[in-house]
Amino acid sequence: MTPSQPGLPAAMRPRLSWQAAGGLAALFVMATLIGLAMAAQWGRTPIVLLYLPPVLAAAAFAGRGPALLTAVAATLVYNFFFTEPTYTLLIRDPGDGVTVAMLLMVGLVTSHLVTSLRVQGALAAFHASRNATIAGFARQLLSCADEAAIAAVAAGELARIFDCHACVVGGGPDARLLAGVDRLTEADLAVAGQALAHGEPAGRHISGGSLTDWQFHPVRAAGRALAAAGLARSDGMSPVEAERMDLLGNLLDQVALALERARLESAGRENSVLRERDALRSALLGSIGRDLRPHLNSIAADLRKLQRAGGCDAEVLHAVAGETAKLTGLIDNLADLDLTQNQDPVIVEDVAIDLYRRTVSRRGEAVHLTPKEFAVLAELARNAGRVLTHRYLLRAVWGPAHEDHVDYLRVAVSALRKKLGEDVIQNEPAVGYRLPVQSAQ
């Protein structure tokens, strides 16, 4: 990256080729021939303008350095052919000296302005292309539901964008290959493990990477490495130019966001399974109470009849009656046990959420919520402190058929914030929502 063209990648900087140099020389020759013809007819006054087109062409197509050299060359050529004494670089007339100086100044300023405009245009195009690349990469990742799919898309897109070999290595106690290539050597995995452990790039062209042809960059989120992206070229050169390291960092941030989203959705699915299991258990317990209690009551009534009628062993009847009473008590306890209800209110700021009594109050005053609003708030309260994804909340409250209707959820959350306060429900951008605190009164 040159000081004259900051931020512009080397591949996009204008270069002076032999063809361009020949074209500039042709412009000089043409300007000089036209000037010599004009000088014989109209004098030398308008000739100085003929040397500005070569300067503009150099600035537009060759860059700032060649443009500045062209401005100086135009001044020298004009001085050589059209100031007295001609065919020398001497200047006799002060007026000619002013003309030459003005030509030089105009050439330098014009070349600077034209080159700056070109560089800014090239930078705008470069940033637009980079943003489009990042957006397309993010769209590809949004279609992935688990770690393996995210790794496969990430490896394929990184290989395409940087025109190199790419792979993704998963984190954990031991580095493991997730996608991109068929296998990695033990040395490759060791270097990948180093990148995962320290959260810093490692590998070829980076300190500590002499054992591998790969260059591993950690995918970080919340201060820890979730995975590592490996890049390598067949010719052994660095897979990522220095000017494109920012782009790589942005792409890896998108991978980190996708992995974190997949983890949260997996946790949400696990919570849903646990909730459904608890609901089934409660239903079974209720069924036990409804089905067994009448039979136990009937046995107890028959025992009382036998005791009144006499003729049976009183001790045996008393023992059976005792065991029946114990069994009835156990059934009653099981029937009254509901694992899906928490009898302690959840406190968030000045809002109390009583899931057991299905009431919500703010500063001691009851707040009326619609059934859907309460269902969303209750789901967040049961998992207070944890982020619940949009899909999880939509599936839990509206059902599986509405998992993609994010607008339903946003309307409900907006209404809850108006009724309970803006800080009660926190937003996790592009992921979901959470209640920040859970405590008991």
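Trainee: Why are H10 and H11 called roughly perpendicular to each other?

Mentor: The axes of H10 and helix H11 (residues 406–420) cross at roughly 85° and come within 10 Å. Axes here are lines fitted to C-alpha atoms, for helices over the stretch in contact, and angles run from 0 to 180 degrees between N-to-C directions. Angles under 35 degrees count as roughly parallel, over 145 as roughly antiparallel, 65 to 115 as roughly perpendicular and the rest as oblique, and H10 and H11 are therefore roughly perpendicular. Please keep in mind that this is a predicted model, in which local features need pLDDT of at least 70, side-chain atom pairs count only at pLDDT 80 or more, and totals for chains, interfaces and linings use all residues. Residues are numbered from 1 along each chain as its sequence is written, and side-chain values use heavy atoms, with hydrogens and water left out.

Trainee: What makes H9 and H10 oblique to each other?

Mentor: Helix H9 (residues 371–382) and helix H10 (residues 390–397) pack at an angle of about 125°, their axes being 10 Å apart; H9 and H10 are therefore oblique. In H9, Lys372, Ala375, Val376, Glu379 and Leu380 meet Tyr392, Leu393, Ala396 and Val397 of H10, where contact means heavy atoms within 4.5 Å.

Trainee: How are H9 and H11 placed?

Mentor: The axes of H9 and H11 also cross at roughly 85° and come within 10 Å, which makes H9 roughly perpendicular to H11.

Trainee: Why does leucine 380 count as buried?

Mentor: Buried means under 20% relative accessible area, exposed over 50%, and partly exposed in between (1.4 Å probe, protein chains only), so leucine 380, at 1% relative accessibility, counts as buried. Leucine 380 lies in helix H9, and beyond four places in sequence it touches Leu388, Leu393, Ile425, Tyr433, Arg434 and Leu435. Arginine 434 is 54 residues from leucine 380 in sequence, yet their C-alpha atoms are 6.0 Å apart in space.

Trainee: What is the mean pLDDT of the chain?

Mentor: The mean pLDDT, the predictor's confidence in each residue from 0 to 100, is 78, and 82% of the residues reach 70 or more. Over residues 1–8, however, pLDDT stays under 50.

Definitions and conventions: Helices (H or I, at least four residues) and strands (E, at least two) are DSSP runs, numbered from the N terminus.
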